[in-house]
Amino acid sequence: MLSEKVKYNYQTWLSQASADQDLIKELKKIVDQEDLINDAFYRDLAFGTGGLRGVIGAGTNRMNVYTVAKASQGLADYVNKEFDLADRKIAISRDSRHKSDLFAQVAASVFAANGIKVYIYRDIMPTPTLSFAVRQLKCAAGIMITASHNPSKYNGYKVYGADGCQITTEAATQILSEIEKLDVFNDIKQVDYQTAKNAGKIQNTPESVYDNFVAAVKNESLLGDVQVNKDVAIVYSPLNGTGLKPVTRVLKENGYTNISVVKEQEQPNGDFPTCPYPNPEIKQAMALGMKYAEEKHADLLLANDPDCDRVGIAVRNGEDNYVLLSGNETGMLLLDYICSRRQALGKMPVNPELVKTIVTIDMADRIAANYGVKTINLLTGFKFIGEEIGRLEQAGHKKSYIFGFEESYGYLTGTYVRDKDGVDGSFMICEMFAYYKSQGISLLDKLQQLYTKYGYCLNTLHSYEFDGEAGFKKMQQLMDDFRQRTEGFGGKSLVKLIDYLPGVDGLPKSNVLKFILEDNCSVVVRPSGTEPKIKTYISVSAVNKQKASDSEKKMVLDLERIIK
C-alpha cells in the first residue's frame, strides 16, 4: 500500500516532469506497479559527502534532470552565501555514462542562472582532472558527473570544495539544508545552456588546464637518471570510460610506446557491453584485457574504472599465466618503490607521511616504518587523504606527503590533486614495472620479497547488497546488531571494538565498526556511502598464505551467519 506522500509525489511528477520525455514514459509504464513506484519515491536520493549516486530514472530516489537541477540549485545557493562575488566559479566534468552530458549541461545552466561562472571540459574527462581544475581555476566548487565503477544503470554527482577535495561533512550538511528548502518544480533557476554559453557565462575549461595536469603527473617520475627499458609490452583498457586520452598521452610522452588498447573497451560507452560491472577490482571486468595480454604476450595489463580515479593491474607469472594484484598489493609495491627511490635520489622529506584508510592493509604501516615514514590512518574515502594533504600544506609541510592509497585501487603520489588519480597510478605502476624488469625482477618477485621481510598479510573485501526501502532498514538493523557483538570471528578472540560513530581520535563521526582480533587480525564493517551495500573488510596476519586463507574463510562464515 502506497503512502499518501508517495502517491502525491508520483502524480505530481506524472503531470510536471516534462523536461525529459524518458521520465514521462517510465512513469506511465509503472502506473500499476506499486513496488516500483514506492522505490522511486519513498525518499529523496541521499545527498552527502559523496554527493548523489543512484539508478537513472524517474522519481525523487533516482538520478534524473530534476534531482540534478535541485542539487545544483542547493549548491548554487550555498556558494552564493559562502563566497565573495569574484570567487563564485564552479568547474564541471563528466564521464561516459548515460545522460552524463545532459546532467552536466543541466547543472551548468542552473549555476549560470544563479550568477555563477561555469567552466566545463569540452570532452569527457577523469575525476582527478576535475579536482585539478577546481584548484587551478580557483573555483568555489566543482562537480563530477559519474557513478565511478557502478553498473551502467547508475549515475552520480560528486561535489568538490574549493580545496579540490570532495566536500566535508559540514559542507554537505549546509548544502543539503539548502536543497531541502527547494521544490523541484518551482524553485529552480535555470537558463538555456547554449544561450549561457554564447553569453560567456559557461566556458570551456582552457586546454592549458589539461596540459598542466598532464605535466603534473609526468613530474611524479622517480627514475632520475636511471635508464630502463620502456619498450615493455603494455595492454591498456579504459573500460569504455575517460582514461584513454590522458593515460595513453602520459605514457607515450614518457617513452612507453608499446601500448595496445583493448579495442572493445577503447571508446566511451555507457552500456559497458563487455564488463557489466566496470570495476577493475573484479576479475570479470579484467577478463577481456587478460585475454588480450595473453594473445600479445604482454608484460603488464592496466585498466581504469570509467571516471579513471582507480587502476587495476595483472602481471605475467613464470608459467605465462596472468595474475591479478589486489589494491593492497599494488599499493604496497608502489609504497616500497617510492620510498626506495626517494632515498636513492635524496628526495625523502624530513618528516615523510604515508596516508591511508583504516580498511587498507596494516602491512603498509610496517613497510613505511622501515623507511622512517609515519603512517596516518584515516576514515574510508580518499577525501580524507586529500584533507590531510591540505592540512600539511597549511602547516607549510606539503612536501611531507609522499604517498596515499586505499585498498579499493586508489593511489596518489603527489599533491597536485586532492583525490585518487588513475592517470598517476597507471603511470607510476608502469615506471615501477619497467624499473624492476630492467633488474630482472617481476612485480610478483618483489611482492614475495615484501612478504618474506614483513610477514604475510591477507586483506579481503566482501560486499552484501540490500536493495530498496526494506534493504535500507535491514542495513540499519545489521549495524545495530554488530554493535552489540562481544565475541570475535573465525575463532579469533575479540581484543577491542572501535566504534567510529561518536568520533574517534579527532576523526569525523562515521558509521564504521572495527573489531580488533588476536594475532594481528581485524574485521571492519560499514555500510557503503554510495551503494545499497554493507561492506566487510577482513585482515589476517599468518605465517603463510594458506594459513591466512583458512582463517579468513572461517571469519567470512561467522560474518555471513549474521548478515544473511
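Q: How exposed is E393, buried, partly exposed or exposed?
A: The model is predicted, so local features need pLDDT of at least 70 and side-chain atom pairs need 80 or more, while totals for chains, interfaces and linings use all residues. Residues are numbered from 1 along each chain as its sequence is written, and side-chain values use heavy atoms, without hydrogens or water. Buried means under 20% relative accessible area and exposed over 50%, with partly exposed in between (1.4 Å probe, protein chains only). At a relative accessible area of 33%, E393 is partly exposed.

Q: Which residue does E393 meet in a salt bridge?
A: A salt bridge needs a side-chain nitrogen of Lys or Arg within 4 Å of a carboxyl oxygen of Asp or Glu. The N to O distance is 3.6 Å, and the partner is K398.

Q: How many residues apart are D22 and K99?
A: Their side chains meet in a salt bridge, 2.9 Å from N to O. D22 is partly exposed at 39% relative accessible area, and K99 is partly exposed at 26%. Helices (H or I, at least four residues) and strands (E, at least two) are DSSP runs, numbered from the N terminus. D22 sits in helix α2 and K99 in the loop between β2 and α5, so the pair links distant parts of the chain, 77 residues apart.

Q: Which residues join K158 in a network of salt bridges?
A: The count for the model is 35 salt bridges. The network that includes K158 also takes in D307, D309, E406 and K420.

Q: What is the phi of D320?
A: D320 lies in the loop between β10 and β11. R316 forms a salt bridge with D320, with the closest N and O atoms 3.3 Å apart. D320 is partly exposed at 39% relative accessibility. Although D320 is not a glycine, its phi is positive, about 65°.

Q: Where is D519 found?
A: Most residues other than glycine have a negative phi. D519 is not a glycine, yet its phi is positive at about 65°. It is partly exposed, with 46% relative accessible area. Its place is the loop between β18 and β19.

Q: Which strand supplies the largest share of the lining of the largest cavity?
A: On a 1 Å grid over the protein atoms alone, a cavity is a set of points where a 1.4 Å probe fits but cannot get out, and lining residues have an atom within 4 Å of a point. The lining includes I358, D362, K514 and Y537. Both β19 and β20 supply at least two lining residues. The largest share, 3 residues, comes from β20.

Q: How do the residues lining the largest cavity divide?
A: Ala, Val, Leu, Ile, Met, Phe, Trp, Tyr, Cys and Pro count as nonpolar, Asp, Glu, Lys and Arg as charged, and the others, Gly among them, as polar. The lining divides into 5 nonpolar, 4 polar and 2 charged.

Q: Which element gives the most to the lining of the second largest pocket?
A: A pocket is an open set of points with protein on both sides within 12 Å along at least five of seven lines. This one is lined by 43 residues, with E281, S326, Y409, N459 and L461 nearest its centre. Elements that give two or more residues include α11, α12, α16 and α18. With 10 residues, the most comes from β16.

Q: How many charged residues line the second largest pocket?
A: The lining has 21 nonpolar and 12 polar residues. The charged residues number 10.
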